[in-house]
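This briefing is meant to be read alongside the sequence and the coordinates. Please keep the structure open while going through the points, which are grouped by topic.

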2 protein chains.
Amino acid sequence: MAILGFLRDFPLHGYDLKNRVASLAGHVRPIADGTLYPTIKKLEDAQCLTRRTAPGSVAAPRHMLEITQIGTDQLRRWLRDPEQGFLTDDNKWYVLLAFLHHLENPREQALVLARRREFLDQPAQLFFDELGAPIPPERLESPFRKGLMQIHRSTNLTEIEWLDRQIGELNQRAGYAVRQRGGEVS
Amino acid sequence: MAILGFLRDFPLHGYDLKNRVASLAGHVRPIADGTLYPTIKKLEDAQCLTRRTAPGSVAAPRHMLEITQIGTDQLRRWLRDPEQGFLTDDNKWYVLLAFLHHLENPREQALVLARRREFLDQPAQLFFDELGAPIPPERLESPFRKGLMQIHRSTNLTEIEWLDRQIGELNQRAGYAVRQRGGEVS
DNA sequence: GTTTCTTACCTCGAACGCGATATATCTTGT
DNA sequence: ACAAGATATATCGCGTTCGAGGTAAGAAAC
């Protein structure tokens, strides 16, 4: 998703992609050559991108990669109907968020945000005692676990606030779009 | 790490472990049977844990797992000198944090927190233009990327504040411990 | 009394990601 | 002239993880 997402902005070569994906994924998590290049080849085989050899600006020749219509469609499908993991895994979610603007339709964008919002809503119970009963933060003995839950709650609130604001704005924009296309609404 | 960390609290059987690890990892990310049971076996072969068959409280018989001294040592090594990924990947970091209290020595605990703190300090630049120049948040066109960076900055600050407070407390406690063990310090 | 559900454990094949390794090119320093 | 270093692409083997499938046992439903 990150590869197609970046290419949707403008054509890039593999080496450049590597750095951009590395900076994006969570915080700087380098992505291995052995992961990147086979994935590019797979996307090429699936006709999601095309390859043009160009002289390297500094050194060895580059393969400039461009996204195709098929690739754009694939990217939109991934964004519109993300796998569960993209909503529940923070790292993956942030990657998705970085490319959600490629989904163009504000109503569809809002729907994805709402799915994340729904996930964040269910209160996380992280720790349990011997009997399986949940332990509230104030009963935790480890200061690290206490901090973990504090941080978790605080960051969740921050994101929920942003999500609500954003969903509101998107739905309003979608409303205008409907009125402009379909004339006056009763 | 999560398996040994949970067993360090009290003995558990595989099925129970599965649920606890699932609740912990990030937020609820189920861990597959095909991952859990072979891992348990591997830890058993490495003598990190022992297994006792017990009648199931509800249904099929359970294998109660108990951590050994070797397992405890291994856990402490992992906690004391974590791989890079455990500091840079939020999900992994939170798992580590959940068990850091098993590292007992406050000075060692503070050192691990300081390593995370150091990582969070380097300012994250997530997006770049065609030429490779970083794009500041206010120049981003996508509201999602803007929100992403906002959330990222905010959550980082929250965690940094907590880390600093915690490191201070731990070092103070370590200082007292030294004075109690080694008498007056000049 | 038989199906169905939940608990509980285990294995296998496929897919995935990483690190090591290799290669080619151009620039810069000596 | 030549070595070193950054750029740039690619492959292979290894270990890890997942998902699908299978087994077994007790409890609850019909």
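In this predicted model, helix 3 of chain B gives the most to the surface near DNA strand C, with five residues. For DNA strand D, the largest share of the nearby surface comes from helix 3 of chain A, with six residues.

**Around DNA strand C**
- There are 23 residues around DNA strand C, and those that come nearest are Gly34(A), Thr35(A), Ala59(A), Gly14(B) and Asp33(B).
- Two or more residues of this surface are given by each of helix 3 of chain A and, from chain B, helix 2 (14-24), helix 3 and strand 3 (62-67).
- Sorted by class, the surface near DNA strand C has eleven nonpolar, eight polar and four charged residues.

**Around DNA strand D**
- DNA strand D is surrounded by 26 residues, the closest being Gly14(A), Tyr15(A), Gly34(A), Gly34(B) and Thr35(B).
- At least two residues of the surface near DNA strand D are supplied by each of helix 2 (14-24), helix 3 (33-45) and strand 3 (62-67) of chain A, and also by helix 3 (33-45) of chain B.

**Contact between chains A and B**
- In the contact between the two chains, 36 residues of chain A meet 36 residues of chain B.
- On the side of chain A that touches chain B, helix 2, helix 6 and helix 8 (143-182) of chain A each supply at least two residues, and the largest share, 13 residues, comes from helix 8 of chain A.
- That side of chain A comprises 15 nonpolar, 14 polar and seven charged residues.

**Helix 1 against helix 2 in chain A**
- The axes of helix 1 (residues 2-9) and helix 2 of chain A come within 10 Å and cross at roughly 115 degrees, which means that helix 1 of chain A is roughly perpendicular to helix 2 of chain A.
- The crossing of these two helices of chain A is right-handed, and their contact is made by Ala2(A), Ile3(A) and Phe6(A) of helix 1 with Leu17(A), Arg20(A), Val21(A) and Leu24(A) of helix 2.
- Of the residues in this contact, six are nonpolar, none is polar and one is charged.

**Burial of helix 6 in chain A**
- Helix 6 (residues 90-99) of chain A is largely enclosed by the rest of the structure, because seven of its ten residues are buried.
- The buried residues of helix 6 of chain A are Lys92(A), Trp93(A), Tyr94(A), Leu96(A), Leu97(A), Ala98(A) and Phe99(A).

Definitions and conventions
Residues are numbered from 1 along each chain as its sequence is written. Chains are lettered from A and ligands numbered from 1 in the order in which they are written. This is a predicted model: local features need pLDDT of at least 70, side-chain atom pairs count only at pLDDT 80 or more; totals for chains, interfaces and linings use all residues. A residue is near a molecule or strand if its C-beta atom, placed from the backbone, lies within 6 Å of it. Helices (H or I, at least four residues) and strands (E, at least two) are DSSP runs, numbered from the N terminus. Ala, Val, Leu, Ile, Met, Phe, Trp, Tyr, Cys and Pro count as nonpolar, Asp, Glu, Lys and Arg as charged, and the others, Gly among them, as polar. A residue is buried if 20 or more other C-beta atoms lie within 10 Å of its own, exposed if 12 or fewer, and partly exposed in between; C-beta atoms are placed from the backbone. Axes are lines fitted to C-alpha atoms, for helices over the stretch in contact, and angles run from 0 to 180 degrees between N-to-C directions. Angles under 35 degrees count as roughly parallel, over 145 as roughly antiparallel, 65 to 115 as roughly perpendicular and the rest as oblique. A crossing is left-handed if the near helix is turned anticlockwise from the far one by less than a right angle, and right-handed if clockwise. Two residues are in contact if their C-beta atoms, placed from the backbone, lie within 7 Å.
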